[in-house]
Amino acid sequence: MLTGGVALGLLVGFVFIAVARPGNALSMAASGQTSAAGAGMSAPGAGKKLSFDIELGDMYVKPASISVPRGADVTVNVINKGNQQHTLALEGADAPMLDPGRSSTFHWGVISRSTQAWCLVSGHKDAGMLLAVNVEGEQAQAAAGGSAAGSTSGGNDATIDASAKPSADWKAVDPTLQPVEGGTTHNVTLHVQEKTMEVAPGVKQVRWTYNGTAPGPILHGKVGDVFNVHLVNDGTMEHSIDFHASKVAPNVQMRKIKPGGSLDYQFKAQFAGIFTYHCGADPMIYHMGNGMYGAVVVDPPHLDKVDKEIVLVQSELNLGPQGQPGDLKKMMTGNDDAVVFNGYYNQYAFAPIKVAPGARVRVWLDNAGPNQNMAFHVVGTIFDTVWKEGAYRLQPGNAEQGGSQTLDLQPTQGGFVEFTLPDAGTYPFITHKMMNMSRGAVGIFQVGDTQ
């Protein structure tokens with residue numbers, strides 16, 4: 001999503017900005033403020049025409065700053081050496097996108113005070129695509145390097161009320177793993193959609209999604225199956241998809257596609273497990289952190305049937321302002337607001353997952369991250385089966401008579417656990433990293449007489 005121009009209130013003094021496409025001047029009149037020493041004197045750069053060569057990449061601007069005498073007329077020759085579209089806009093004014101390998105000349109006109117220019121693609125400014133334009137003798141503007149890792153914005157970000165409850169018409173995401181469809185070939189169409197969604201009671205964010213959900217659809221197959229995925233970009237910026245379940249050339253099938261574009265991604269499921277898929281467009285953490293992730297379940301051979309089989313994907317919420325995308329700076333510093341299962345705060349505490357007494361349960365787990373680890377635990381039972389990252393770690397009837405209490409997963413690792421809940425009651429499930437349990441990563445298995 002492209003950002004608009006910044007508010008005029010950010011400009012210092014009585015500054016007039018005229019915005020134009022390349023070839024037309026974007027000039028700034030002198031503010032009229034003069035020091036005692038400079039009163040009545042012309043600007044040092046008056047009449048000077050300066051030109052700068054600027055390189056854009058993924059995610060940088062080179063050089064990160066330029067210095068000009070006040071009153072100089074400035075033109076920048078910009079080349080995009082990145083792998084996706086970028087631009088360089090003075091003070092966030094309108095500027096055309098440059099495709100990879102393309103260049104253009106932007107005439108910024110007379111510079112009368114220190115300012116900044118940045119890439120307009122959502123998240124790129126905070127990721128480091130910022131140029132400081134410093135007027136000689138004035139306090140320098142912040143260089144791009146301090147932008148990505150600076151303190152979080154926080155001031156106007158949405159906040160979660162831990163005591164709030166969802167509205168009466170709210171529905172939880174169904175965690176049930178759907179059976180493998182017949183045949184060995186699975187044809188899937190995924191549409192990239194940028195939409196406003198509720199992520200906690202009363203808290204809405206713009207989420208970048210596959211098929212309108214975050215996480216995206218859970219794909220299910222067996223070893224040897226072929227997945228034909230048709231990806232369509234209905235969004236406003238470049239997006240892509242990266243299946244961890246595949247062995248393909250990334251520059252071919254994981255390539256970024258422009259708004260309105262599409263690609264076909266084919267892979268054969270050669271290994272069993274639960275694998276993350278996600279957008280790989282830069283900054284990758286921003287796309288993943290805003291909802292562009294999901295999971296592919298590939299059953300191990302001879303997998304036993306169970307009574308109930310579900311999928312839980314853990315991820316984080318890094319809240320931006322209400323109704324806006326998440327905060328990139330929070331993602332970059334790991335300062336998230338919540339850790340959640342299947343995209344919503346305390347989702348299965350509000351809507352417990354029903355299980356019949358004595359039922360055998362399999363829970364597939366994928367940690368989409370992008371930053372936090374996972375320690376999955378069900379209060380009141382012990383896992384008799386654990387599969388992690390491609391292999392059984394524990395199975396029933398083991399000689400040691402061992403059981404497992406927690407499955408630990410780093411970002412984009414996956415596995416499953418199996419257990420029974422013999423007695424009627426409520427059994428919380430959590431990530432046993434306690435600070436995250438208290439910030440949304442908790443749910444309930446409700447054991448009663450009916451499924």
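**Entry 1: L263**

I began with L263, which lies in strand 14 (residues 262-268). Strands here are DSSP runs of E with at least two residues, and helices are runs of H or I with at least four, both numbered from the N terminus. The model is predicted, so I kept to its limits: local features need pLDDT of at least 70, side-chain atom pairs count only at pLDDT 80 or more, and totals for chains, interfaces and linings use all residues. Residues are numbered from 1 along each chain as its sequence is written, and side-chain values use heavy atoms, with hydrogens and water left out.

I looked up the accessibility of L263: it is 2% in relative terms, so the residue counts as buried. Buried means under 20% relative accessible area, exposed over 50%, and partly exposed in between, with a 1.4 Å probe and protein chains only. I then listed the contacts of L263, leaving out residues up to four places away in sequence, and found V229, H230, L231, Q253, R255 and I257. Contact means heavy atoms within 4.5 Å. For V229, which is 34 residues from L263 along the chain, I noted a C-alpha separation of 8.3 Å.

**Entry 2: strands 9 and 10**

I checked how strand 9 (residues 185-200) and strand 10 (residues 203-210) are joined. They run antiparallel with eight bridges between them; two strands pair if DSSP finds at least two bridges. In this pairing I found Q193 opposite T209 of strand 10. The hairpin has two residues between the strands, and G202 takes a positive phi near 75 degrees there. Seven of the eight residues of strand 10 are buried, so I noted this strand as largely enclosed by the rest of the structure.

**Entry 3: aromatic pairs**

I searched the whole structure for aromatic pairs and got 21. Rings of Phe, Tyr and Trp (its six-membered ring) pair if their centres lie within 6.5 Å; planes under 30 degrees apart count as stacked, over 60 as edge-to-face, and the rest as tilted. For Y348 and F429 the centres are 6.4 Å apart and the planes stand at 40 degrees, so I logged the pair as tilted. This pair links distant parts of the chain, with Y348 in helix 4 (residues 347-350) and F429 in strand 26 (residues 425-431), 81 residues apart. Both residues, Y348 and F429, are buried.

F429 also forms a tilted pair with F445, at 4.7 Å centre to centre and 45 degrees between the planes. F445 is in strand 27 (residues 442-447), 16 residues from F429. I read 0% relative accessible area for F429 and 0% for F445. Ring pairs link F341, Y348, F376, F383, F419, F429 and F445 into a cluster.

Which strands form the open sheet, and in what order? I found five, ordered 19-27-26-21-24, with mixed pairing. Strand 19 (353-355) and strand 24 (407-409) are the edges, each pairing on one side only. Neighbouring strands of this sheet are turned by 20 degrees against each other on average, direction ignored; axes are lines fitted to C-alpha atoms, for helices over the stretch in contact, and angles run from 0 to 180 degrees between N-to-C directions. Strand 21 (residues 374-378) pairs with strand 26 in the antiparallel sense over three bridges. I found V378 opposite F429 of strand 26.

**Entry 4: charges over rings**

I last looked up charges over rings, which require NZ of Lys or CZ of Arg within 6 Å of the ring centre and within 35 degrees of the ring normal. The charged end of K125 sits over the ring of W118, 3.7 Å from its centre. The charged end of R362 sits over the ring of F416, at 5.4 Å from its centre.
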